Amino acid sequence: MEYASYTTHDAVGVIELTRPPVNAISAEVVRDLAEALDRASDPGVRAVVITGRPHFAAGADINKFKEAHEKAAGARSLEADRLGAVIRRMELMTKPIIAAVFGYALGGGLELAMGADFRYLAEDATVGQPEIRLGIIPGAGATQRLTRLVGFNRGREIIYTGRHVGAEEALAIGLADRVFPSDSLLDSALDQAATLADGPSVALGMAKRAINEGWGLPMDQALAVEAEAFDTVFASDDAREGVVAFLEKRAARFKGA
């Protein structure tokens, strides 16, 4: 992979964007992200951290937009389609994902971060959806995910204005889950990912599925999603281990099965 690296720290997979200077999103970056997610699907990997330095991802490669316009009237960005597919894949993965956001996460970069379960931001990080300033709108899911995270009107205001949002505001409105000094951000994300990886991964995966699939459904349908996920979890070896460990007053030894 040219524009992303993939490493493992015990049961944690780490994906890092590597397209200097700002990790602008391109077809090649999305291709490498997809390959890294392929590697992270290994059953031995039980949590994932995705990051980029010095900037998480400072938006799309605008030159590609210009090329698309020159090729055909009404052309849409294939990069947006492909990025949207990668983000959706992150949401469907049955393992927790943490985005560790350094510097800028703008446009497609913020959309990518919103595909993670949790967003940890550096104190000096800046996020936003500035597409409106180019006369376009987000194309990889932000009109839907941002409003779900921060509320309808607040999400609308951020998208309509294209303004930048600092880390502390992002934390206050629910767009960030934690904020850390830049020099401890990645270690903090890895520590939390390791804690999640040590947990009952079947239960975590099914909780993720029930939450994501149930969101927005009528209550009866959402409860049916939860019931199906519960049945899967309850039959797992990890569930048996968790119950026995509790009764024996010892720490559970989860194996992810």
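Student: How many bridges join strand S2 to S3?

Tutor: Six bridges join strand S2 (residues 12-17) to S3, and these two strands run parallel. Strands here are DSSP runs of E with at least two residues, helices are runs of H or I with at least four residues, and both are numbered from the N terminus. Two strands pair if DSSP finds at least two bridges between them.

Student: Which residue stands opposite Ile-15 in S3?

Tutor: Ile-50 in S3 stands opposite Ile-15. Helix H1 (residues 27-40) packs on the sheet and touches S1, S2 and S3. Contact means heavy atoms within 4.5 Å. The direction of H1 makes about 175° with that of S2. For such angles, axes are lines fitted to C-alpha atoms, for helices over the stretch in contact, and the values run from 0 to 180 degrees between N-to-C directions.

Student: What kind of model is this?

Tutor: This is a predicted model, in which local features need pLDDT of at least 70 and side-chain atom pairs count only at pLDDT 80 or more, while totals for chains, interfaces and linings use all residues. Residues are numbered from 1 along each chain as its sequence is written, and side-chain values use heavy atoms, with hydrogens and water left out.

Student: What is the order of the strands in the sheet?

Tutor: The open sheet of six strands has the order S1-S2-S3-S5-S7-S10, with mixed pairing. Its edge strands are S1 (4-9) and S10 (178-180), each of which pairs on one side only. Neighbouring strands of this sheet are turned by 20° against each other on average, direction ignored.

Student: Is S5 mostly covered or exposed?

Tutor: S5 (residues 97-101) is mostly covered, as five of its five residues are buried. Buried means under 20% relative accessible area, exposed means over 50%, and partly exposed lies in between (1.4 Å probe, protein chains only). Ile-97, Ala-99 and Val-101 point one way from S5, whereas Ile-98 and Ala-100 point the other way.

Student: Changing topic, what is the volume of the largest pocket?

Tutor: The largest pocket has a volume of about 750 Å³. It is lined by 23 residues, of which Glu-91, Ala-116, Asp-117, Ile-211 and Asn-212 lie nearest its centre. A pocket is an open set of points on a 1 Å grid over the protein atoms alone, with protein on both sides within 12 Å along at least five of seven lines, and lining residues have an atom within 4 Å of a point. Grid points are joined across faces, edges and corners, and a volume is the space filled by probe spheres set on the points.

Student: Which helix gives the largest share of that lining?

Tutor: H9 gives the largest share, five residues.

Student: Which peptide bonds are cis?

Tutor: Among them are the bond from Pro-20 to Pro-21, with omega near 5°, and the bond from Arg-53 to Pro-54, with omega near 0°. Pro-21 lies in the loop between S2 and H1, and Pro-54 is found in the loop between S3 and S4 (57-58).

Student: Where is Asp-10?

Tutor: Asp-10 is in the loop between S1 and S2. Its phi is near 55°, a positive value in a residue other than glycine. At 80% relative accessibility, Asp-10 counts as exposed.

Methods. On a 1 Å grid over the protein atoms alone, a cavity is a set of points where a 1.4 Å probe fits but cannot get out, and a pocket is an open set with protein on both sides within 12 Å along at least five of seven lines; lining residues have an atom within 4 Å of a point.
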